[in-house]
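Please read these points with the model open beside you. They go from a helix pair to a chain as a whole, and then to a strand pair.

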Amino acid sequence: MPTQGGEITLGRGGENSGGGADADRWLKVGFVAPALLVLISVNIFPLIYSIWLSFTNADLVGGGIRSVGTLNYSFLFFDPRYAQALRTTVLFVALAVGIELVLGYGLALCLRPTFRGKPILLTALLVPMMMPPAVMGVYWTLILNGSFGVLNQALGLLGLPELQWLTDPDLKLVSIILIDVWMWTPFTILISLAGLNAIPASIYEAAAVDRATTWMVFRRITLPMSAPLVGLAALLRATDALKQFDLVMAITGPNDGATQTLSALLYQVMFRDGKVGLASAYSYMVLVVVIALASVFLRYLASLQHRASATEAT
Amino acid sequence: MTTKAFLSSVIFAALCSAMVLPTSAQDPATDAPTLTIWWAQWDPAVGLQTLSEDFTKESGIVVKVQQIPWPSYQEQVFLNFGNKTTDFDIVIGDSQWLGRGADKGLYLELTDWIGEAVDLSTIHPLAQRYLMEYPEGSGRYYGAPCETDAIGFVYRKDWFEDPAEKKAFQVKYSRKLAPPDTWQEFRDIAEHFHRPDEKRYGTALLTGRGYDSITMGFQPFLWAWGGAWADPETFEVQGHVNGLGAVAGLEAFIDLLQFTPPGGESSDYFQNLDAFTNGSTAMVLDYFPFYPGIVQNMGDQAGFFVVPRNGDTRAISLGGQGFSVSTKTSAQQQELAKQFIAWFQRTEVQEKWITFPGCFTANTELLQSQAFREAYPFNSTFAESLDHLRDFWNVPVYNELLSASLRNLGEALDKVKTPQEALDQLAMEHELILRGAGLLK
């Protein structure tokens, strides 16, 4: 491998290398090809195949597939389940991610100073995030059980009304949001802490010299400068929450109108109704929603970053 | 040996064993032909595995009953049907699956064979209709009964026999406290025992939002009050599922939910079982195969009664599953499967089958026998229930119909919609689904 001036150069070795250059090129192709093949077979091919399926009447158990044009897409507007699932998903994302961000950021502010036992506390806080959501779902059904659940027993001891967390139609979604908040607030704590710790101490020192109040420091320095990372946490959590499935399956099953998210609806249409074509069309509509949301977030993030850079410069 | 050499040997050995392992359906230990049956994970499947040992002794065919957890059973079966060959030779499927299995060419048609191989006169006519035939009344068979089942009530016999309760009930309702025959009597008893302050409740009905629980729970009310899912000939929905009878039935169903334990408006088969075994509820609706466990745990405290009637109509949701042979298995395996099904239907085999926990029969000779009726405390109630069985749709789009029922009935129970609004919406959705499937012209 030729080196020049301490730099390692891969690929073309110069005009005289001739066959060596070709060999290098094939070597590179050889290295990249397996990964590329895997990518094409598990990502690109299913993507294209499912686009085709979305215009057909494909059934899970096979049988003759025929084109139905845009019927599957137009059916979306007549299927009351889709509108309901979309509403439930948006509500879930807004509430769960909103609470996680506020709670996570608040806790990150509390955890920012160095104190004794901080590493242990941080590790303990991260435990829920590391548990598999499906296992957590089953675990929480025991906690939230209306008859023998720990939560209701605790509420009873405190003289508070015992609620039907898993069966009351007004509380089912609340329960799932509660579990999601419990699981994913540590993630927003972690990202927020990273954002807070990245703010240079010199800026706070300058603010102290200018006798800025705590509120002013928070509003003018801490919040805007940590906002890009908090925004990133919001983006990651929102895209993840849009796909909420595990908890819904574990808590109520995929077909409960009160908690049926878009992913749960997709599962129902695909695996229970067996309508592969319709499920493919639905999944593309979900993809459009996720991409639209992500692009809005990314634009917002870019503007935040721009503003934060401007603040740092001044 | 270096790590690399060791890993290479392991991979080589694995490849060799994959090539050497038998690919035909034979038991590697004995080289005997093997039949694979898929069923859900529960006691009757254990019973079937044990019973099939007799078949192995008789025929030399090894039977493997593979149990799949209930929540994913349906998905696993139909996903497997999506392959060129299925991993099972026989599937024990819900009655609703018959249409999908027959229409999509997944279930082998047994019409010509079954009449000769099985004495159909020994099978209860309603089991024939709902667990074997598609379309109903066509005389074309795609299944054979395995676990014939129905819903029925289990009640607290000790509470009913308590002299103080009897006296209080007599004073309030001017009649004796006894298992109810009509839904009105049922309501009175539920009201009598409903004492939330003492954590004692009147009844638990089927209202769960999972697969088919709420639909199975609503059906006895729908039919008993004169409603129907649709016209069985034309598939016309309007005026049937949202007619006056259906609405009155749904109102009666909802009315009874005031006597259920907390969360009783969304309670499935397993939660109902809990409601009874935790000693809080007087009368609980569930499927018969769950009752051996109750008898084992609660003994004489538990009694059983048939689903009540309204006026002259008593209608009971069918449960249970039937054997169907996969079309995606070899002709040789299909022959073995038929052999097993014919053997299973024999009266002497059925006689042994019903001795296993949670195993029920559609054999008319046994159902009428005194020995069967006295074998378990719930057997006579079960036998009586079979004469009133009715079933949900078994057309290929049953799952979508079920899903629409679940959602709209759920909204009525949750008081999001009035019974009339919920059933009107349900009728509209069912109409759309049936039209889409080409069943409703």
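**Notes on the model**

1. Helix α7 (residues 172-197) of chain A packs against helix α9 (residues 214-242) of chain A at an angle of about 150°, the axes being 9 Å apart. Axes are lines fitted to C-alpha atoms, for helices over the stretch in contact, and angles run from 0 to 180 degrees between N-to-C directions. Helices (H or I, at least four residues) and strands (E, at least two) are DSSP runs, numbered from the N terminus.

2. The model is predicted: local features need pLDDT of at least 70, side-chain atom pairs count only at pLDDT 80 or more, and totals for chains, interfaces and linings use all residues. Residues are numbered from 1 along each chain as its sequence is written, while chains are lettered from A and ligands numbered from 1 in the order in which they are written.

3. Which residues of α7(A) meet α9(A)? Among them are A:Trp184, A:Phe187 and A:Ile191, and the α9(A) side includes A:Leu229, A:Val230 and A:Arg237. Contact here means C-beta atoms, placed from the backbone, within 7 Å.

4. Chain A has twelve helices and two strands. Its radius of gyration (over C-alpha atoms) is 26 Å, well over the 20 Å of the globule rule (2.2 Å times the number of residues to the power 0.38) for 314 residues, so chain A is more spread out than a compact globule. Its C-alpha atoms fill a box of roughly 85 × 75 × 35 Å along the principal axes.

5. In chain B, strands β1 (residues 34-40) and β2 (residues 62-68) pair in the parallel sense over seven bridges; pairing needs at least two bridges found by DSSP. B:Trp38 has B:Gln66 in β2(B) as its bridge partner.

Technical notes. Contact = placed C-beta atoms within 7 Å.
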